[in-house]
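This briefing goes through one chain by topic. Please keep the sequence and the structure in view while reading.

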Amino acid sequence: MRVVVQNDKYGAYRKRRIRAGIAVLAAAAIASGCADGASTAPPAAGQQPREAPGAKAPDKRHAAQRARAAAAKRWGLSRVPLTAPPPPAVKPEIKTRAGFEVDGHEEDDLPPVFTTIPTRQKIVFLTIDDGAEKDPAFLRMMRELRVPYTAFLSDYLVKEDYGYFKRMQQAGVSLHNHTLHHPYLPGLSYSRQKREICGMQNVIEKHYGTRPTLFRPPFGNYNADTLYAAKACGIKYAPLWNEEVFADHWEYREWDRDLHPGDIVLSHFRGKDDWKGTMPDMVRRFLEKVTAKGYAVARLEDYL
């Protein structure tokens, strides 16, 4: 059975788990990812709701812009993050990335595995995995800056404080499946993989009221059993990533080591115990780069 694996060198906590037998899909390259300079960009056209005749829409719009600019300054950003365009009325067709298929993928309509959303717009998607770090400053920062992101949670870490992620959900963040215990799934039988995935579906439904439709396999590693199990548990998509951002650097899947329209960016709920910085430090590095390159951050679920 074919196993699809990702490059696994993202921190000491992972290195203790899987040290052999993993074929690397793509070599990661490291770059600082910061850009200098400062500018303030207005929201993209069509971002504000239409107002009734005579309403003071400009005042509301300008107030929102001023509030976001003040938040950017307060959180140490050199630029105000750009506002994403409205999501498409017709969702793009999501297909499995070439080379990421497993046996039976198309025939059995297994969840597509992809690293980029097909779009020509200069948008990227921030996704954050596991749930180890529970930094209140991160929640405030993302709320004040109005930056959308998607969380993929593992119960063995989330259960330390379900309430933290409830506050995240109440702020509009969708919570999705990253298994119960974060194992190397291709090393497990189909039934054990299904317990890991369906079990996390149950946890999220119990504590947050929804059953996720998105699933990210731990370390990005999976085989056909993984995707058959995910489908059986109600999963529709298996997004991976094209870049990963840390508190002090970026890593890339592609040879050009750059952002592309529709790229999915990975990060983790991590802090100074694992990183050279905090989660707000990671957000600053992420936003400085994407904004300097003219990208806005969009909500992944709006394109699926």
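Which side chains meet in a salt bridge at 2.6 Å, N to O? They are those of Asp 281 and Arg 284, where a salt bridge is a side-chain nitrogen of Lys or Arg within 4 Å of a carboxyl oxygen of Asp or Glu. This is a predicted model, in which local features need pLDDT of at least 70 and side-chain atom pairs count only at pLDDT 80 or more, while totals for chains, interfaces and linings use all residues. Residues are numbered from 1 along each chain as its sequence is written, and side-chain values use heavy atoms, with hydrogens and water left out.

**Overall make-up**

- The chain has eight helices and twelve strands; helices (H or I, at least four residues) and strands (E, at least two) are DSSP runs, numbered from the N terminus.
- Of its 304 residues, 52% count as buried, with buried meaning under 20% relative accessible area, exposed over 50%, and partly exposed in between (1.4 Å probe, protein chains only).
- The accessible surface of the chain is about 13,800 Å², and carbon and sulfur atoms account for 50% of this surface; areas come from the Shrake-Rupley method with a 1.4 Å probe, and for residues only the protein chains shown count as cover.
- Among contacts between residues at least 6 apart in sequence, 74% join residues at least 24 apart, a contact being heavy atoms within 4.5 Å.

**Salt bridges**

- The count of salt bridges comes to eleven.
- Asp 281 and Arg 284 both belong to helix α8 (residues 279-292), where they are three residues apart, about one turn of the helix. Asp 281 is partly exposed at 25% relative accessible area, and Arg 284 is partly exposed at 22%.
- Glu 160 pairs with Lys 134, with the closest N and O atoms 3.1 Å apart. This pair links distant parts of the chain, 26 residues apart: Glu 160 is in the loop between α4 (155-158) and α5 (162-170), and Lys 134 is in the loop between β4 (123-130) and α3. Glu 160 is exposed, with a relative accessible area of 57%, whereas Lys 134 is buried at 17%.
- Arg 299 and Glu 301 form a salt bridge at 3.9 Å, N to O. Arg 299 is partly exposed at 28%, and Glu 301 is buried at 14%.

**Disulfide**

- The structure holds one disulfide, defined as a pair of cysteine sulfur atoms within 2.5 Å.
- Cys 198 and Cys 233 are the partners, at an S to S distance of 1.8 Å. Their link is left-handed, with -100° about the S-S bond.

- Helix α3 (residues 136-145) has Ala 137, Phe 138, Leu 139, Met 141, Met 142 and Leu 145 as its buried residues.
- Asp 135 caps the N-terminal end of α3, with a side-chain oxygen 2.9 Å from the backbone nitrogen of Ala 137. Just after α3, Arg 146 has a positive phi of about 60°.
- The largest nonpolar core has 46 residues, of which Phe 138, Met 168 and Phe 286 touch the most other members. A nonpolar core is a set of buried Ala, Val, Leu, Ile, Met, Phe, Trp, Tyr and Cys residues joined through side-chain atoms within 4.5 Å.
- The elements giving two or more residues to this core are α2 (57-74), β4, α3, β5 (150-153), α5, α6, β10 (250-252) and α8.
- Not counting residues up to four places away in sequence, Phe 138 touches residues including Ile 128, Tyr 164, Met 168, Phe 269 and Val 283.
- A second, separate core of 27 residues includes Phe 125, Tyr 222, Ile 264 and Leu 304.

**Asn 177**

- Asn 177 is in strand β6 (residues 174-177) and is buried, with a relative accessible area of 0%.
- A polar atom of the Asn 177 side chain lies 2.8 Å from the backbone nitrogen of Thr 179.
- Leaving out residues up to four places away in sequence, the contacts of Asn 177 include Phe 152, Ile 197, Met 200, Pro 212, Arg 216 and Ile 235.

Key
Polar contact = N/O pair within 3.5 Å; in protein donor to acceptor, adjacent residues only side chain to side chain.
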